[in-house]
Each structure stands twice: as C-alpha cells, then as structure tokens.
Amino acid sequence: MALIEVQVPDIGDFEDVGVIELLVQPGDTVKVEQSLITVESDKASMEIPSSAAGVVKALQVKLGDKVKQGSVILTLEAAGAVASAPAAAPPPAPAAAAPAPVVVAGPAGSYGGAADVECDVLVLGAGPGGYSAAFRAADLGLKVVIVERYATLGGVCLNVGCIPSKALLHVAAVMDEVRHMVDLGVDFGAPSVNIDKLRSHKDKVIGKLTGGLAAMGKMRKVSTVRGVGTFLDPHHVEVEETTGAGTERSGAKKVLRFKHAIIAAGSQSVKLPFFPQDERIVDSTGALALKAVPKKMLIVGGGIIGLEMGTVYSTLGARLDVVEMMDGLMQGADRDLVKVWEKMNAGRFDKIMLKTKTVGAEATPEGIKVQFEGLDGSKSEGLYDLVLQAVGRTPNGKKIGAEKAGVAVTDRGFINVDLQMRSNVPHIFAIGDIVGQPMLAHKAVHEAHVAAEVIAGTLKGDKELASAAFNARVIPSVAYTDPEVAWVGLTEDQAKAQGIKVKKGLFPWTASGRAIANGRDEGVTKLLFDDSPEAHGHGRILGGGMVGTHAGDMIGEVALAIEMGADAIDIGKTIHPHPTLGESIGMAAEVAHGSCTDLPPARR
Ligand code: FAD
C-alpha cells in the first residue's frame with residue numbers, strides 16, 4: 001500500500017496562510033481536485049485541492065496552523081494501492097469538465113449597512129440551475145430568495161434555449177414527415193406557414209412552462225426579487241430593480257443578506273467582434289424570435305445549437321451555408337453517427353465550409369457580405385439575408401461582483417467548484433453553465449440539487465445531506481436535429497484516441513421492424529463495452545451513441561446502464577418491448593454478446 005503525502009501546491013504569493021477549515025477527515029475517500037482545506041490570508045480565502053485520489057490516513061494540519069507551498073496537509077493511501085477498493089469501475093468520460101487553473105480572488109468587500117431581506121440561501125439566477133436549487137432548498141426547509149433580472153423564471157433554457165428551440169423543431173419535424181408521406185402514398189399538399197401563429201405557439205409553450213415555475217415557487221414560499229444582483233461582500237448582494245420585458249433598470253435598489261449563496265448566473269452567446277450591428281445578424285435568441293424566414297442563411301459554427309436552428313429555418317424554406325473551423329460538424333459525437341445525419345441533411349445545405357474561419361463581414365443593402373478564410377489560406381465570400389452566430393457561449397462570472405464576495409473567477413469567467421459545488425468561499429456555491437462544460441440544462445439541475453442538499457445538511461446538521469456530491473459518471477448529449485444524434489459516456493473516437501480496448505455492439509436500424517414501419521430506418525445504435533483483459537469478457541458498458549428519430553428520448557437508458565455498471569448480458573437480457581426503437585439498445589448489447597438473432601449470423 002502506497003502512502004503518499006499531499007502538500008500545499010504553488011499558491012502564488014501566499015506565505016504562511018492560516019488554515020480556517022478542514023474539509024476532510026481520516027477515513028474519507030477523496031478524489032483528485034477535491035478540496036482538502038480552506039486557507040485564508042488578509043487578501044482572500046481559497047480551497048486547496050488534492051493532487052491525488054485515495055483514502056485519508058492522517059491529517060497533518062489543524063485549524064489555525066499556518067501553511068505555505070510544500071507544507072504537508074495529510075497522508076493518503078493512494079487509490080489503486082487500496083486493498084479494499086471496489087472492483088474497477090468503468091472509466092467513463094469525465095462527468096464534468098476538469099476545473100480550470102486556480103484563480104485567486106482579490107480582497108473581499110465589506111458591507112456595514114442594513115439589509116432589506118434576510119435568507120438562508122440566496123440563489124443568483126433563475127435558470128434550470130437556479131430554480132432547481134431554490135426549490136430543492138425550500139423543500140428541505142430553508143428560507144430561499146431567488147434574484148433574477150428577467151420577468152420570468154426559467155433562464156436561457158426555458159425562455160430562449162432548450163424549450164423554444166424544441167417547440168420549433170417539433171413543427172419542423174412534422175413538416176418534414178408530412179413531405180415524406182408523399183412517398184408512402186399520402187399527399188397533404190404543400191404546407192402554408194403562418195409565421196406569426198408559429199411564433200405565438202412557441203411563446204405559449206414558454207409561457208406555460210415559466211408560469212408553471214412561478215406557481216411552483218409560490219407553493220414552496222420561495223421569494224423572487226427582480227433585478228440585477230451583484231455581491232457587496234461575502235454575505236450581501238445588492239439588487240438593482242429591473243422592469244418591463246427586458247432588463248431596463250428602474251434605479252431602485254435592495255440589499256439582501258444571506259447565510260449561503262448559490263451562483264447560477266449562467267452564460268451568454270459569444271459575439272464575434274467583427275460583425276457589424278445589424279438586425280440581419282443574430283445569435284440563438286434572435287433566431288428564436290423568428291421574425292421572418294430568410295432566403296439564404298449563414299450559420300457560423302457547426303455545433304448543436306447552430307444546426308438545430310438551421311434545421312428549423314431550412315424546413316421553413318431557407319437555404320443554408322454553414323462555416324466551421326474544425327474538420328467536422330457536431331463535434332463530440334462519433335463521426336459514424338454524424339455521417340448518417342449528414343447524408344440525410346445534405347439537401348438543406350448549399351455549402352458546408354469546414355476548416356474555415358469567418359474573418360470579416362459588411363452590412364450592404366443586398367445582404368450581409370461575409371468573408372471566409374480556409375485554414376489552407378483560401379479566401380471566399382458569401383451574401384446572406386440572415387447570419388446566425390453560434391460559436392459558443394461564455395459564462396457570466398465576471399458580471400456579478402464575485403470579487404467582492406472573495407469568489408475566484410477564472411480568466412474566461414468560470415467559477416471553479418469542488419464536487420460539492422462549493423466555490424473557494426466555503427458558504428458560496430456555484431452551479432450550471434457558470435462552472436464549466438458541458439453547458440447543458442440537465443447538468444445544471446443535477447448540480448443544483450447537490451448544492452442545495454449540502455447547504456441544507458450543513459445548516460441542519462444532517463450528515464447525509466451535507467455529504468451530497470456530484471458523482472454522476474456521465475452526462476448525455478443530444479442534438480435534436482432530424483435525425484437526432486445522442487451519445488453518452490465514452491465515444492468510439494475517444495476510446496481509440498485513449499487506447500481503451502472496447503467491444504462494440506452495433507445495431508443498424510435497417511433491421512429494426514419499428515424503424516422500417518416508420519419509414520425511417522437510417523438509424524444506428526452503438527454500445528461500447530470494456531474489453532480490457534481485467535474485464536474477462538464481461539466488461540461493463542462504457543458508452544453508447546445513437547442516430548435516428550427519437551434517439552434523444554432513448555439515450556437515458558444507456559446513461560442508466562453506465563451508472564449501474566451493466567454489462568452486455570444485463571442489457572441484452574432485459575426484455576425490451578417490441579416493436580420499438582428502444583429495442584435497438586437491447587439488440588446492440590446482444591450483438592456485443594454474440595446472441596443477436598435479428599441480424600445475419602456473425603461470420604465465423
Ligand atoms: P441560465 O439558464 O443561463 O440562467 C441564468 C439566469 O441568471 C438567467 O435567467 C439570467 O437572467 C440570470 N442572471 C445572470 N446574471 C444575473 C444577475 N447579475 N442578476 C440577476 N439575474 C442574473 N441545454 C440542454 O440541456 N438541452 C437543450 O436542448 C438545450 N438547448 C439549447 C438551445 C439553445 C438555443 C441555447 C442557447 C441553449 C440550449 N441549452 C440546452 C443550454 C441550456 O439552456 C443551458 O445549459 C442552461 O440554461 C444553463 O442553466 P443555468 O441555470 O446555468 O443558467
């Protein structure tokens with residue numbers, strides 16, 4: 001058994017800083033990057049992460065000790081050397097992005113005035129992260145206040161993201177399906193689109209969901225203070241009231257005092273600096289406003305958001321160009337799955353420009369003239385009625401006065417957190433897009449529950465709740481295009497790149513009765529199982545991906561199988577209903593196991 005000493009790493013100019021909090025005890029199992037102690041200087045406080053994983057044998061520091069770079073924090077029985085460690089778990093893709101380098105916060109502010117509102121938990125931002133944290137904390141008996149600058153709860157996801165995009169994608173999918181019916185002998189004729197009605201349908205969907213959230217908040221006695229919140233110090237936030245449908249400031253201010261805070265301030269679209277101010281150049285929010293259907297549209301950025309919006313506009317009649325700096329669209333998913341989507345969608349695009357940068361743009365009366373430069377130096381130009389900027393999202397960490405609370409924010413605006421979603425300030429937590437990739441609503445909600453439970457457990461002395469942590473193995477991704485592409489855990493491309501030996505079970509939907517009956521048998525379901533010598537032929541599932549209609553609705557089963565450590569027999573012998581698309585998951589497992597009877601026999 002290897003005993004190692006974990007030391008204080010390079011913490012910049014900090015010499016002889018006091019230990020103010022011990023975050024682990026002998027016997028605890030710690031992971032790499034998990035916070036071990038909190039230290040405080042006269043300038044800031046910060047948590048010191050572990051450089052190794054294992055079981056804490058002995059703490060070498062106590063509260064009040066002074067430490068500096070090289071001081072031994074504790075001795076650890078390193079993971080891998082621990083005799084009683086559980087059987088090797090599959091090495092799925094990391095659940096959350098590795099934290100960015102430690103950034104030290106500046107001196108915190110100090111507010112000496114009175115507070116208008118006091119609460120146990122202040123939640124800054126009411127997106128999926130914020131409202132879920134607030135509701136969970138309230139359900140656990142805490143007094144909670146949400147601060148939100150917009151009139152409705154729900155954040156990006158409900159108002160200008162996941163939900164409105166899916167409302168429009170559903171309509172697009174139905175229109176495409178109806179067109180396809182002609183081949184099956186049913187002709188509904190050419191669709192006539194009333195764009196005002198379509199927009200109002202989308203707005204009604206948003207209204208129903210955000211209204212539902214407001215009602216659920218009231219039932220839980222969660223108060224909402226509307227306005228832009230900024231930290232005054234580690235226990236106070238000032239809120240400048242906003243009015244109307246946007247974020248117009250009225251000038252009225254309130255101060256809120258909190259015991260704990262959860263920062264859930266989300267992210268915003270990245271804007272390319274060289275694009276002129278012009279209503280024909282939009283981000284995803286502008287595209288979702290659905291003002292008109294352009295004849296010719298450029299999508300800058302070939303990621304999920306751009307391709308989903310492109311699907312909607314092209315079904316409504318726009319011709320598309322897409323420009324992407326990388327060598328393929330929909331990065332992250334396995335190329336074999338993306339190829340199926342590409343083949344089905346080739347007809348939507350006039351040009352797919354890969355390995356190409358957008359380098360300039362000019363607003364002209366005829367349209368937006370955009371200049372491109374290939375990575376090989378080639379130059380080209382295009383004229384567009386609408387340009388969608390979909391080159392990523394940037395976190396809002398630098399806009400909330402975090403430094404006044406002593407909360408460290410990275411150069412890029414992220415807030416680093418530990419597995420309990422704590423920032424470097426122990427009573428201030430952060431969740432959702434603001435803590436890192438993947439920027440997805442379901443990740444934000446999971447993190448929200450962890451933060452709320454840790455806070456409730458701490459305030460109420462409930463050890464079980466207080467020990468909640470983000471320990472999900474995987475986070476699924478879905479492109480809600482047509483067909484949908486969904487994946488979770490290890491991808492085949494990652495397995496190759498990392499030299500991980502996997503056994504693949506691939507089930508083509510050309511053999512799925514349901515897919516054929518639906519007239520949509522282009523799909524594929526793929527599962528990857530651990531095929532390392534230690535797995536002895538019974539490796540657990542490490543990842544899976546699908547392309548096909550409703551793939552997004554089915555990927556949850558693969559995520560569950562990974563979380564449960566299932567192997568090919570567990571999945572293949574689970575009786576799936578027939579005839580369904582979901583059956584393809586069981587059959588892909590049977591293929592890996594060698595027992596599939598729905599495909600021709602494997603060659604001997
Ligand atoms: P947000 O939803 O960004 O919410 C943050 C909230 O904080 C906002 O309401 C903001 O107004 C408020 N706020 C910020 N600063 C302050 C302040 N100082 N004071 C007061 N309030 C403040 N994810 C999926 O999982 N599935 C999808 O299908 C999907 N589709 C998407 C489609 C589009 C077009 C876009 C843009 C995103 C999509 N996403 C999707 C991503 C998803 O919307 C985000 O991951 C999710 O909303 C993040 O939640 P959050 O709580 O971290 O922050």
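We go from the whole protein down to single residue pairs.

Reply: Start with the ground rules. This is a predicted model: local features need pLDDT of at least 70, side-chain atom pairs count only at pLDDT 80 or more, and totals for chains, interfaces and linings use all residues. Residues are numbered from 1 along each chain as its sequence is written.

Me: How many helices and strands does the protein have?

Reply: Helices (H or I, at least four residues) and strands (E, at least two) are DSSP runs, numbered from the N terminus. Here there are 14 helices and 30 strands. The radius of gyration, taken over C-alpha atoms, is compared with a globule rule of 2.2 Å times the number of residues to the power 0.38. The protein has 26 Å, close to the 25 Å that the rule gives for 604 residues, so it is as compact as a globular protein of that length. Its C-alpha atoms fill a box of roughly 80 × 70 × 55 Å along the principal axes.

Me: Into which domains is the protein divided?

Reply: Domain bounds come from an automatic or database domain assignment. That gives domain 1 (2–78), domain 2 (117–268 + 395–467), domain 3 (281–391) and domain 4 (476–593). The centres of domain 1 and domain 4, taken over C-alpha atoms, are 42 Å apart.

Me: What share of the residues counts as buried?

Reply: Count neighbours. A residue is buried if 20 or more other C-beta atoms lie within 10 Å of its own, exposed if 12 or fewer, and partly exposed in between, with C-beta atoms placed from the backbone. Of the 604 residues, 45% count as buried. Now look at helix 8 (residues 441–460). Of its 20 residues, 14 are buried, so helix 8 is largely enclosed by the rest of the structure.

Me: What length does helix 8 reach?

Reply: The expected span of a helix is 1.5 Å times one less than its number of residues. Helix 8 reaches 28 Å from its first C-alpha to its last, close to the 28 Å expected. Just after helix 8, Gly 461 takes a positive phi of about 70°.

Me: Now sheets. In what order do the strands of the antiparallel open sheet lie?

Reply: Two strands pair if DSSP finds at least two bridges between them. Five strands form this open sheet in the order 26-27-30-29-28. Strand 26 (477–479) and strand 28 (502–508) each have a single partner strand, so one side of each is left without a neighbour in the sheet. The twist averages 10° from one strand to the next. For angles, axes are lines fitted to C-alpha atoms, for helices over the stretch in contact, and values run from 0 to 180 degrees between N-to-C directions.

Me: How many bridges join strand 28 and strand 29?

Reply: Seven, in the antiparallel sense. Lys 503 stands opposite Phe 529 in strand 29.

Me: Which sheet has parallel pairing?

Reply: An open sheet of five strands, in the order 16-23-17-18-19. Strand 16 (281–282) and strand 19 (349–353) are its edge strands, and each pairs on one side only. Strand 17 (residues 296–300) and strand 18 (residues 319–323) share five parallel bridges. Ile 299 has Val 322 in strand 18 as its bridge partner.

Me: Which two strands does a hairpin of two residues join?

Reply: Strand 12 and strand 13. They pair in the antiparallel sense over five bridges. Thr 230 stands opposite Glu 238 in strand 13.
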